[in-house]
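Subject: A structure for you to explore

Hi there,

Here is the structure I promised to pass on to you. Have a look at it first, and then read my notes below.

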Amino acid sequence: MQNKAAIIVLAIALGLVSIYQLSFTGATYKVKKDASTYAKGNLVKETQYLDSISTLPKEKWSFLGNTFKECQRKELNLGLDLKGGMNVILEVSVEDILKALSNFSPDKTFNAALARTRELQKQSQSDYLTLFGKAFQEIDPNAKLAAIFGTVELKEKINFNSTNADVLKVLDTEVSGAITNAFNILRTRIDRFGVVQPNITQLATKGRILIELPGVNNAKRVRELLQGTANLEFWETYENSEIIGYLSAANNLLKEIQTNTQTSAVNASPTAAKPNTAGAAADTTKKDQSLLDLIAKDTTKAQGASSRQQFALQNPLFGLLNPRVNEQGQPLPSCMIGLASFRDTSKINSLLKMNQIKALFPRDLKMMWSQNPYKYDPSKTLFELHAIKITTRDGRPPLDGDVITSARTSSGVTGSEVKVDMSMNSEGSKTWARMTRENIGRCLTVVLDGYVRSYPRVQNEITGGSTEITGDFTIEEADDLANILKSGKLPAPAHIISDTIVGPTLGKEAISSGVDSFIIAFALVLAFMIFYYSKSAGTIADIALFINLFLMFGVLASLNAVLSLPGIAGIVLTMGMDVDANILIFERTREELRNGKGIKLALADGYKRAYPAIIDSKATTLLTGIVLYVFGSGPIRSFATTLVIGIMTSIFASIFITRLIYEFLLKRNVQLHFSIKMTADVFKHTKIDFIGMRKYFYIISGVIIMSGIVSLFVRGLNPGIDFSGGRSFVVRFDKPVVTEDIASKLTVAFGDLPQVVTYGKQEQVKITTKYRINETGVDDAVDAKLYEGLKSFIPADVTKEGFLNKYKVSSETVGPVVAADIKINAFYAVGIALILIFLYIFMRYRYWQYGFGAVASLAHDVLLVLGVYSLLWGHMPFSMEIDQSFIAAILTVIGFSVSDTVIVFDRVREFLPLYRKRPFSEVLNMALNSTLSRTINTTFAVILTIVAMFIFGGEVIRGFMFALLVGIGTGVYSSVFVATALMYDTHKKDVIGEQKVKA
């Protein structure tokens, strides 16, 4: 074996990297297990425990130099279907941006073009601006965009002589900037949820943003926060020295309130201990402590946890909020009046909102938290509290983001100082001049969505609107501030066009079913390999399978890829396909042993002859996996990710690792066997005339396909909301229900008949409807109608909120535009996969007949699966919708089927030079018979894993696994009886054979 040392080094390196990456998952799992043990089922206590660990600095808790929060970011990332949460696709309203850029022009052509663009968008995947240009040209070819967009704000970029193409380029730049700003704003808003491993990504379609929020269950809050327009404001402030006395008074009053409450409670208890009463009474006699005394007992100087708790009990406000003072107790100059841990901010808000406390502070004082953690806090858990001064009668900010015309990052004279340059329009410049003139030496705050982002100190009056903001900025911080300032220039609201919500209960059940099915499938494959190929060879294959799985999880963790339930299905499927390489090697080795070769030579030749077939079969499956990744999204992309990674790691494990093990054993003269007595001669002497019987199989396939086509015309398919658009809800009741009764009640509520089917258990149903699907912002109204329609099936005392939290376990909404895109992507995915496979086979085998046979058999497989789904939907006890999962199954079937086919073609290519005098049909039969053992064994191993997932994997993926089960069966059939036969019938008499001999 060549390059053995390099392979050993690579194997060790991959193993160490995988151990390192997966160790973070182990560390966080231990902490979560400890939290669960501590909480004893109390979710609030469990959350508080984890929060307390996440705020600890590295000195108190660390793993490999990482805090708990950092470990969470590096752990294996579970998908929403495994731990619950919300998946949202938002679309930034490019139409609103164009209206704002035109200063809301009333031009008839312009507004007609916007309306026409909305119609075109339903039928095309092109971005909005491209469609707008096309619509504008259609409505009035002579109209000029420059007349509409030649505004004061764009006068430097657009003039009257600008062509429509020039204007569209400028608009593209402006729209892209607005979308980027919207993306950045959404990213900062997501941080407020406190979600571990959130994901926000700009999709290929311009203006669309995918957001995944694991563990979030307050869908209403998410929708409101994500869909709001950016609110940029400028406020005047109070100085810390002006407010700190009020804070001290508030702390003392809160302490008095707390002491009186405790004293009342003690006096009301007849069995209270006397020492405690005396202690409480003694506290009430103490005089108010000065701020300096309080700072001397600051929690940062406390000796141990008991001191911290005692200080917090004696100082209700300052135990949570650290005032900004120096060592002498003097207030620091700033509008920042305190620092607090992120977990204490809500408590502080509650204290400051108490009527008694509010009465202590100035009426024009407004307090706001910072968006980002305190810059100089190493733990990044402390947030700033700022004192905002209200100077207007209506309580609104004196200046908002509409006045900003530009903002950019620049550097100072020396090039080392990073600053932000900002410009305003004439109206904003006047207000800004007054604000800066009246606040020289004081801070002005930049507030976005109610959170302080910057608070520069005014040096002098600023006229003309051009402002230079300096501070101890990094380049990244300056860029963020510039983007925030620009965000106020254009209204770019984002609308939810698709969302999926998975409740935590369903997530836990998915994890349980996924793990169960994985273990069962894994055990079945291990047992089959040992049974069929003997204890020695089978064990080595099982070791390779273990290593493959370990490397797969290591790579997934290192890439921070999302592992969903379809991802687990991808791992299980890869596990079944992984043994294919070992089966190929074992079968070729057995053939060499039958030819009288020694074990060492037979094994070497077995590997050598199996290499081309392994590479070709894996390459074709890899192509379909890549196509699936490119055109899929969400869970389907997770499936594709695990499939692609699994193919790569399986090649390494099954070819190189097993070879190292064999060489190690052979050097020690260990006896190796590749079969047991029962399986040694299975498929050894098969001589089936596949080519001679091909016409019978053509008839069988034709009858089945025609039946399916007739059913497609008569019954059609059952498109899921992925393809048709709509809303779906999974609702779990306390007892079994009748789907017809639920459909009848919901028809009254929705005004249209929904589709209601049993989903797994008899007390669980899946409801699909198109009710108000073309409207945005109506999710709460739809939930109310759902509750209204199902009230008679749940206890009378259950409120709407209780119903949504307990009974509605998941929901999904797909808008018509997204559904159209998914449908188009599905056709693209299948079509491109077939074209790529044809081209690959054509290049590998040099004759189009090979490619035609393979692709025709794949089309045959697709039609058969579609026919089966058309015939059986509505008759099976699980979902048989045509959705993204179904397309993923089709592409997987294509990859597996073509893998079988190329194995046969590879043997044909090998036999042609060896048997040049034999008829071509005989050579094809020999190739089919010689690979029959590999075909059946690989298929059996894959079907074992699919059946395990189908039975134990849960309702969510049962329809997906059924499509795979049908597809794998038809794929094997077509590989053996159709592909090679079509290749034979399309070649000119012995052309392939004769030219192969000459090659």
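Strand β6 (residues 322-323) and strand β7 (residues 336-341) run antiparallel and are joined by 2 bridges; two strands count as paired if DSSP finds at least two bridges between them. Strands here are DSSP runs of E with at least two residues, helices are runs of H or I with at least four, and both are numbered from the N terminus. Please keep in mind that this is a predicted model, in which local features need pLDDT of at least 70 and side-chain atom pairs count only at pLDDT 80 or more, while totals for chains, interfaces and linings use all residues. Residues are numbered from 1 along each chain as its sequence is written, and side-chain values use heavy atoms, with hydrogens and water left out.

In this pairing, Asn 322 stands opposite Leu 339 of β7. Pro 323 also belongs to β6. Is Pro 323 buried or exposed? Its relative accessible area is 9%, so Pro 323 is buried (buried means under 20%, exposed over 50%, partly exposed in between, with a 1.4 Å probe and protein chains only). Pro 323 and Gly 338 are 15 residues apart in sequence, yet their C-alpha atoms are 4.3 Å apart in space.

β7 has another partner: 5 bridges join it to strand β9 (residues 382-389), and these two strands also run antiparallel. Here Ala 340 stands opposite Phe 383 of β9. β7 is mostly covered, with 6 of its 6 residues buried.

Now for the helices. Helix α30 (residues 884-914) packs against helix α32 (residues 932-952) at an angle of about 160°, with axes 11 Å apart (axes are lines fitted to C-alpha atoms, for helices over the stretch in contact, and angles run from 0 to 180 degrees between N-to-C directions). That angle is why α30 is roughly antiparallel to α32 (angles over 145 degrees count as roughly antiparallel, under 35 as roughly parallel, 65 to 115 as roughly perpendicular and the rest as oblique). On the α30 side, the contact is made by Phe 896, Ser 899, Asp 900 and Ile 903, and on the α32 side by Arg 934, Thr 935, Thr 938, Thr 939 and Val 942 (contact means heavy atoms within 4.5 Å).

Helix α20 (residues 565-594) and helix α21 (residues 599-631) also pack together, at about 145° and with their axes 7 Å apart.

Enjoy exploring!
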